[in-house]
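Please read these notes with the model open beside you. They are meant for checking residue by residue.

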Amino acid sequence: MNTSTTSAITQPESGGRAATTDRIHTPQTATTHYVSEFTLAAKTGSAADAFEIATRFLFSWIKTKSKLPGYAVREERHGGDAGAPEAWAVHLRHREPTSDYRRFWYVDVSLLRRETSFDVRVSVSHGLDFGFVGWTPEPPEPSAPNFICDWLGHAALTLRSGQFPIAALTSPPPKIATKNKDRIGAMIVPPESADQLARLIFDPNRGLPVLVVNGDVNPVTFPLNPNKLQQLLFGTCYVVWVPTAHGWGEAWRTHFPVGFGCTTNTVRLYQPGAKRDSAHDSVRHRFFSDDEIMAHGGAAAFVGMIRDGLTRRLLAPRPGRVATCEDVLALSAAAGFAAQRLKLTSKEEELAFYETEYQQLLEKHRSSDQLLQELDSELARTKSELEALRPHAEDLAAELEKTKSAAVPVFNHNDLLLRFFKNEASVVDQLLALQALYPDALHLLPAALVSAEDAVGFEQPEVLREMLLQLVTDFRQCLLDGKGTQEGVRIFGRKAFTTRESDNLSSKGRNARTFSYKGQHVFMEQHLKIGVKDSEAHCLRVHFHWDSPSRKIVIGHCGKHLPL
């Protein structure tokens, strides 16, 4: 077998910009965003045919990334015959193109050749650049890279874990906006196929967990969408949907031992290795009730918990699995070392061989030490800059505490609600009453209460009350249903609702509409309007923001007309 290795920063054969560095480093603080392991094989033809098809799609995907800032790609191959390498890995890096947060993305793809297939490992990570100081933005939801979906949809390729195909059997509904929506969805299993589900769960060769969702999507009582779950967990586990309307009660009792079932509006995660006689082993088939899911933050928190657990499982050491370019280099170096040693015919040759290997390892160690020193210097400089900014951050924190203490008055809860419903509440009292009545729908920023304190001369509390109630009920429900903000015009009227400010807004006006929320600066130009700006007694503006992940209306200003 040929044990030659290519080691270089390359560009895809189909084109793209060449990288300019000879190494790409993933920082130790990078966060794993997506990780998956599976087997890739040809439905017809040889493993070399599968490799050729897979790499063509991968290089096409790399080409789309080559125009991004900070683009660099590295490729390593080791040995192999019949046109396909024994081991092959690609490491891609690029900067996030749509923001100034200096976040880098790192993608590792590796294939390790077997007799008739390839073991594949894909991981996606992200981390901030060295020296960046600022708020960390929320990362996007994990999803499978497009080249995996191209493999999944190709007629000549098959993706599987153990003996089972990874390809899902159904497509999600059109309302789910995702690049993979036409290819990835949960497997819907009717009761008459319960025996097949049982074989999948208890098969000793199964490599991926099985997540069974028993229930129909309801935004209040059971807000888990199985198709959305499969999109986020693709390549990490199978998601099986058991709709309640199909009547699974008898099927569970017939095909599953006691303790393995899944009642209405519940979820059960079956890990690989589940056995019929291990009903007491809750770790192997963890059960989650609807009450437990809702008590711990609902659908978003549940998905995050499942994803984090499955990611930890895949990040554990996997003997024999190539994962990075360095792994391929190590594999090739070991094979080359063994091949060269077999050629030695005397003790003198053996001694000279080991001496050469020792000098090469020593030189590599010196290079690593130099790189480590450079990184240590960069880290020390960053820490110094951070320490210089610390006094300013402490001043801002102290100022924020003053604002909070000045903005939140002490009040009697019952008297507050009574004044609210009798239209006798001040602007501040109205906000506090709404917060008490709709804690899951409304979040008040300190700036909103400060601005409301200044609106003591406002004389239309009944108008404000009705608008605020519509904001946290009818308008919020439209947003939860996936409807656009244009629904605000229908609910409040064209004169009372505005989605954006004037195009000629000054920097002062923009700053007045920008509020600190979850460590970020949020520009709130969407607002409700009462009256004209020349009348403080009859004029008031409510600037707000829709926080989709927490499903809340966030009010940043409730008071006088802000400067333009």
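The points below go from the whole chain to its cores, helices, sheet and salt bridges.

1. **Basis.** This is a predicted model, in which local features need pLDDT of at least 70, side-chain atom pairs count only at pLDDT 80 or more, and totals for chains, interfaces and linings use all residues. Residues are numbered from 1 along each chain as its sequence is written, and side-chain values use heavy atoms, with hydrogens and water left out.

2. **Whole chain.** The chain holds 15 helices and 20 strands. Both are DSSP runs, numbered from the N terminus: helices are H or I with at least four residues, strands are E with at least two. Of the 564 residues, 43% count as buried. Buried means under 20% relative accessible area, exposed means over 50%, and partly exposed lies in between (1.4 Å probe, protein chains only). Among contacts with a separation of 6 or more, 67% come from residues 24 or more positions apart. A contact is heavy atoms within 4.5 Å.

3. **Nonpolar cores.** Which residues have the most contacts inside the largest nonpolar core? They are Ile62, Trp151, Leu197, Trp248, Trp252 and Phe256, in a core of 62 residues. Helix α1 (residues 47–65) gives the largest share of this core, 10 residues. Another core, of 39 residues, lies apart from it; Val427, Leu444, Phe458 and Leu479 are among its members. A nonpolar core here is a set of buried Ala, Val, Leu, Ile, Met, Phe, Trp, Tyr and Cys residues joined through side-chain atoms within 4.5 Å.

4. **Trp252.** Look at the surroundings of this side chain. Leaving out residues up to four places away in sequence, Trp252 touches Leu197, Val212, Asn214, Val242, Phe260, Gly261, Cys262 and Tyr270.

5. **Helix α7.** This helix covers residues 298–315. Its 18 residues should span 26 Å at 1.5 Å a residue, and the end C-alpha atoms are 26 Å apart, so the two agree. The expected span is 1.5 Å times one less than the number of residues. Buried residues in α7 include Phe302, Val303, Ile306, Leu310 and Leu314. Gly298, Ala299, Gly304 and Thr311 in α7 are buried too.

6. **Helix α8.** Cys325, Val328 and Ser332 are the buried residues of α8. They cover an arc of only 60° around the axis, which means they sit on the same side of α8. The arc is that of the directions from the helix axis to the C-beta atoms.

7. **The β19 sheet.** An open sheet of 5 strands runs in the order β14-β20-β19-β18-β15, with mixed pairing. Its edge strands are β14 (442–444) and β15 (497–498), each pairing on one side only. Two strands pair if DSSP finds at least two bridges between them. Strand β19 (residues 540–547) has 7 of its 8 residues buried. It runs antiparallel to β18 (residues 527–530), with 4 bridges. Ile530 has Leu540 in β19 as its bridge partner.

8. **The β19–β20 hairpin.** 7 bridges join β19 to β20 (residues 552–559), again antiparallel. His543 stands opposite His557 in β20. There are 4 residues between the two strands, and Arg551 in the turn has a positive phi of about 60°.

9. The rule asks for a side-chain nitrogen of Lys or Arg within 4 Å of a carboxyl oxygen of Asp or Glu. Arg121 and Glu37 form one, with closest N and O atoms 2.2 Å apart. This pair links distant parts of the chain: Arg121 is in β6 (residues 117–128) and Glu37 in β2 (residues 31–42), 84 residues apart. Buried or exposed? Arg121 is buried, at 10% relative accessible area, and Glu37 is buried at 5%.

10. Asp119 meets Arg114 at 2.7 Å, N to O. Asp119 is buried at 11%, whereas Arg114 is partly exposed at 39%. Lys518 meets Asp547 at 2.8 Å, N to O. Lys518 lies in the loop between β16 (514–517) and β17 (520–523), and Asp547 in β19, 29 residues away. Lys518 is exposed at 54%, but Asp547 is buried at 6%. Salt bridges that share partners also join Arg74, Glu76 and Glu326 into one network.
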